[in-house]
Structure formats: C-alpha cells, structure tokens
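Thanks for asking me to look over this model. My notes are below as numbered points, going from the whole chain to single residues.

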Amino acid sequence: MGEFTLPISISFGHCDPAAIVFYPNYFRWFDRCFHTFLAERAGGHKAICAELGAKGIGLIDVKANFPSPAVEGDEMSLVLSIEKWSDKTLTLGYEGKVGDRVVVSGSEIRGLFIQKDGRMRAGEMAPLRALLDPAS
C-alpha cells in the first residue's frame with residue numbers, strides 16, 4: 001500500500017513561547033495527513049462514509065514521541081504508513097522529519113463508526129480496506 005507524505009511548513013503560529021512547535025499541533029497534523037490521504041486515495045472522508053454507510057472514521061487512540069524540536073522556518077515531511085488492519089480497527093504510523101532529523105513519531109488507532117441499534121458501533125474494516133487498498 002505504500003506511504004503517504006504531507007509537507008508542512010512550520011510558521012511562528014505553530015510555536016510556543018520557547019519557539020518550538022507546540023505539541024498539540026503534531027496531533028492536528030496527524031489528522032490533516034490522514035484526511036488528505038483519504039481525499040487523494042478515495043475522494044475524502046465524507047464520500048467514503050457515504051459509500052460505506054458510516055458515521056465517521058474516528059480516532060480511538062493516539063500517541064506521539066518528540067525526539068527533537070522543530071522550529072519556525074522548518075520544512076517538515078510527515079509520512080503516514082498503514083501499520084495494521086484488524087477486523088474493527090486500523091493502525092496508522094506517522095514520522096515527521098526535518099531533513100534527516102526525526103522531530104515526531106506517533107501512531108493512531110482508528111475505527112469505522114456505524115449506527116446500529118440506536119448506538120454508535122465499530123464497523124468492519126474490510127470495506128474501508130477495499131477502498132483504500134484495492135490490491136489487498
């Protein structure tokens with residue numbers, strides 16, 4: 001399935017008073033990277049949900065490590081990779097680099113949420129996998 005890369009130009013507004021990227025921005029960029037991937041791969045979140053009868057492809061868990069600071073003026077490449085498909089979840093890996101230096105690494109677990117019996121439930125991931133990775 002390969003990887004997906006999102007370039008991010010770090011600006012003053014992304015940084016905290018110490019002049020390094022304010023850590024919540026990395027989580028925002030993880031989400032942006034995922035949704036840009038969906039748009040390029042299968043028409044976007046809204047179109048995918050409409051096709052699959054889902055309410056959303058939601059976040060269940062997220063983690064990150066920040067081994068080196070990024071600062072204003074840095075150009076970061078954020079790489080998304082699909083690490084694991086399970087029956088009800090999808091695990092995504094992220095690595096952000098400025099040049100060869102890793103500034104963030106992390107992961108997300110996402111689910112395909114459906115409405116069933118009046119409640120939000122985790123749906124089967126196979127239909128989503130078929131849309132995102134037709135060769136599987």
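**Notes on the predicted model**

1. Confidence first. For the protein chain the mean is 95, and 98% of the residues reach 70 or more. This is a predicted model, in which local features need pLDDT of at least 70 and side-chain atom pairs count only at pLDDT 80 or more, while totals for chains, interfaces and linings use all residues. Residues are numbered from 1 along each chain as its sequence is written, and side-chain values use heavy atoms, with hydrogens and water left out.

2. Overall layout. The protein chain has three helices and six strands, in the order β-α-α-β-β-β-β-β-α from the N terminus. Helices (H or I, at least four residues) and strands (E, at least two) are DSSP runs, numbered from the N terminus. Along the principal axes, the C-alpha atoms fill a box of roughly 50 × 35 × 20 Å. Of the 136 residues, 38% count as buried; buried means under 20% relative accessible area, exposed over 50%, and partly exposed in between (1.4 Å probe, protein chains only). Among contacts (heavy atoms within 4.5 Å) with a separation of 6 or more, 64% come from residues 24 or more positions apart.

3. The helix pair. At what angle do the axes of helix H1 (residues 24-42) and helix H2 (residues 45-52) cross? They cross at roughly 60 degrees and come within 8 Å. The axes are lines fitted to C-alpha atoms, for helices over the stretch in contact, and angles run from 0 to 180 degrees between N-to-C directions. On the H1 side the contact uses His 35, Leu 38 and Ala 42, which meet His 45, Ala 47 and Ile 48 in H2. These residues divide into four nonpolar, two polar and no charged. In this grouping Ala, Val, Leu, Ile, Met, Phe, Trp, Tyr, Cys and Pro count as nonpolar, Asp, Glu, Lys and Arg as charged, and the others, Gly among them, as polar.

4. The core. Which residues touch the most other members of the largest nonpolar core? Among its 33 residues, they are Phe 34, Met 76, Leu 78 and Leu 80. A nonpolar core is a set of buried Ala, Val, Leu, Ile, Met, Phe, Trp, Tyr and Cys residues joined through side-chain atoms within 4.5 Å. Two or more residues each come from strand E1 (3-9), H1, H2, E3, E4, strand E5 (101-116) and helix H3 (126-132). H1 gives the most, with seven residues. Leaving out residues up to four places away in sequence, Met 76 touches partners including Leu 6, Tyr 26, Trp 29, Val 98 and Val 104.

5. The loop between strand E2 (56-65) and strand E3 (75-85). Asp 74 sits in this loop and is buried, with a relative accessible area of 14%. A polar atom of the Asp 74 side chain lies 2.9 Å from the backbone nitrogen of Val 71. Beyond four places in sequence, Asp 74 touches Ile 8, Ser 9, Ile 10, Val 98 and Arg 101. Gly 73 is also placed between E2 and E3, but Gly 73 is exposed at 57% relative accessible area. The loop between E3 and E4. Lys 88 is found here and is partly exposed, at 37% relative accessibility. A polar atom of its side chain lies 3.3 Å from the backbone oxygen of Ala 122. Lys 88 and Gly 123 are 35 residues apart along the chain, with their C-alpha atoms separated by 6.0 Å. Further contacts of Lys 88, not counting residues up to four places away in sequence, include Arg 110, Leu 112, Glu 124 and Met 125.

6. Backbone angles to look at. Ala 19, in the loop between E1 and H1, has a phi near 70 degrees, a positive value in a residue other than glycine. Ala 19 is partly exposed, at 43% relative accessibility. Asp 117, in the loop between E5 and E6, has a positive phi of about 55 degrees although it is not a glycine. Asp 117 is exposed, with a relative accessible area of 66%.

Technical notes
A polar contact is a pair of N or O atoms within 3.5 Å; within protein, one must be able to donate a hydrogen and the other to accept it, and residues adjacent in sequence count only if both atoms are side-chain atoms. pLDDT is the predictor's confidence in each residue, from 0 to 100.
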